[in-house]
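Please look through the sequence and the three-dimensional structure below before reading on. The report that follows is meant to be read with both in view.

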Amino acid sequence: MFRTAIAGSLPKPGWLAETNKLWPRWAHEGQALRDAKLDATLMWIKAQEDAGLTTIGDGEQSRQHFVHGFLERIEGIDFEHKVEMGIRADRYKAMVPQVVAPLKLKGRVHDAEARFLRAHTQRLIKFTLPGPMTIVDTVADRHYGDRVKLAFAFAELLNQEALALQADGVDIIQFDEPAFNVYLDEVADWGIRALERAAQGLTCTTAVHICYGYGIQANLDWKKTLGDQWRQYEKVFPVLARSSIDQVSLECLHSHVPPDLMSLLAGKDVMVGVIDVASDAIETPETVAETITNALRFVPRDRLIACTNCGMAPMDRAIALAKIEALVKGAALAGAKT
């Protein structure tokens with residue numbers, strides 16, 4: 001059977017936070033919130049195991065947003081005076097915190113949920129962190145005045161937390177870099193170097209997730225402008241193939257990415273997106289198996305991991321669960337046929 005995983009985030013239950021939102025408000029405060037976060041994490045650990053995933057994640061249940069969840073434990077960032085800023089090359093507006101002083105970790109960031117995850121499953125566990133380029137694109141800089149300097153400042157902090165996560169027993173540490181599909185020249189110029197700085201010294205498996213964004217309207221509208229072929233990966237993958245990162249997660253199903261671009265990742269494990277997170281339609285196992293079979297033309301069997309296109313945070317909980325179950329059944333079907 002093929003290895004299976006999710007990209008990262010999963011929907012938060014209504015008793016934890018607002019549903020179907022990318023930046024949801026929490027339903028509790030203080031200790032009640034901390035307890036609810038771990039309760040939701042346990043719920044999704046069990047759901048992933050029951051579905052049959054070979055790699056389990058925390059579903060990012062303890063984070064309001066995949067970037068902001070890391071930033072909340074950093075000195076030098078002002079969350080009290082957020083400003084509106086265009087992110088992902090002004091694709092959409094978001095209220096973002098401001099970098100106002102030198103950056104420094106206040107302490108551990110994700111120790112509670114990582115250790116909880118490790119304690120509650122015997123399977124491989126993956127933990128996600130935002131990549132340095134994507135963080136830079138999701139904050140307003142009022143201190144460093146240079147995107148590269150800011151990225152490497154964040155990379156150093158990410159590295160501190162990543163090394164600690166490895167010590168917590170995490171098997172795979174994934175850095176999420178959707179910005180890699182936007183700032184293509186900068187990826188080759190400094191983005192990969194910043195990513196490798198974040199992963200420096202890790203002996204566990206390292207991964208990077210590069211997608212075309214959550215299934216929100218702003219991203220759907222952007223995709224319509226990309227034409228019949230989405231070739232952003234063509235510029236990024238050769239650089240990643242030469243990097244020290246072990247795995248690459250990409251968008252595949254229902255995208256206009258030419259499948260042959262996956263061959264540019266020779267030597268890497270490839271997490272092939274076989275589940276569309278921009279649609280509520282539940283994939284059939286046959287559809288998943290077909291996507292895997294097509295990918296096998298360009299990815300060696302032992303290098304292929306069946307995955308979701310992106311995170312599922314804004315999705316309905318029942319739909320997300322059904323999609324995970326389809327992913328596993330489709331991977332089993334593909335394994336039996338190939």
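This is a predicted model: local features need pLDDT of at least 70, side-chain atom pairs count only at pLDDT 80 or more; totals for chains, interfaces and linings use all residues.

Residues are numbered from 1 along each chain as its sequence is written, and side-chain values use heavy atoms, with hydrogens and water left out.

Helices (H or I, at least four residues) and strands (E, at least two) are DSSP runs, numbered from the N terminus. Strand β7, which covers residues 172-176, is mostly covered, since 5 of its 5 residues are buried; buried means under 20% relative accessible area, exposed means over 50%, and partly exposed lies in between, with a 1.4 Å probe and protein chains only. Ile172, Gln174 and Asp176 point one way from β7, whereas Ile173 and Phe175 point the other way, and all are buried.

Two strands pair if DSSP finds at least two bridges between them. Strand β5 (residues 124-130) pairs with β7 in the parallel sense over 5 bridges, and Thr128 has Gln174 as its bridge partner in β7. Strand β8 (residues 205-210) also pairs with β7 in the parallel sense, over 5 bridges, and here the bridge partner of Ile173 is Thr206 in β8. Together, β7, helix α6 (residues 184-198) and β8 make a right-handed β-α-β unit; a crossover is right-handed if, with the strands pointing away from the viewer, the path from the first strand over the helix to the second runs clockwise.

**Helix α9**

In helix α9 (residues 285-295), the residues Val288, Ala289, Thr291, Ile292 and Ala295 are buried. Seen down the axis of α9, these buried residues fall within an arc of 160°, so they line one face of the helix, the arc being that of the directions from the helix axis to the C-beta atoms. An α-helix has 3.6 residues a turn, so residues three or four places apart point the same way. The buried residues of α9 pack against β10 (269-275), β11 (304-308) and α10 (317-337).

| Residue | Relative accessible area | Class |
|---|---|---|
| Asn159 | 6% | buried |
| Phe152 | 21% | partly exposed |
| Arg303 | 28% | partly exposed |

Asn159 has its place in helix α5 (residues 147-167), and Phe152 lies in helix α5 as well. Leaving aside neighbours within four places in sequence, Asn159 is in contact (heavy atoms within 4.5 Å) with Arg197, Ala198, Ala199 and Gln200. With residues up to four places away likewise not counted, Phe152 touches Trp190, Arg193, Ala194 and Arg197.

Arg303 is found in the loop between α9 and β11. Its side chain is joined to that of Asp269 by a polar contact of 3.1 Å; a polar contact is a pair of N or O atoms within 3.5 Å, where, within protein, one must be able to donate a hydrogen and the other to accept it, and residues adjacent in sequence count only if both atoms are side-chain atoms.

**The cysteines**

How many disulfides does a search of the whole structure find? The search finds 0 disulfides, a disulfide being a pair of cysteine sulfur atoms within 2.5 Å. The sulfur of Cys252 is 11 Å from the closest cysteine sulfur, in Cys307, which is too far for a bond. For Cys307, the closest cysteine sulfur is that of Cys310, at 9.5 Å, again too far for a bond.
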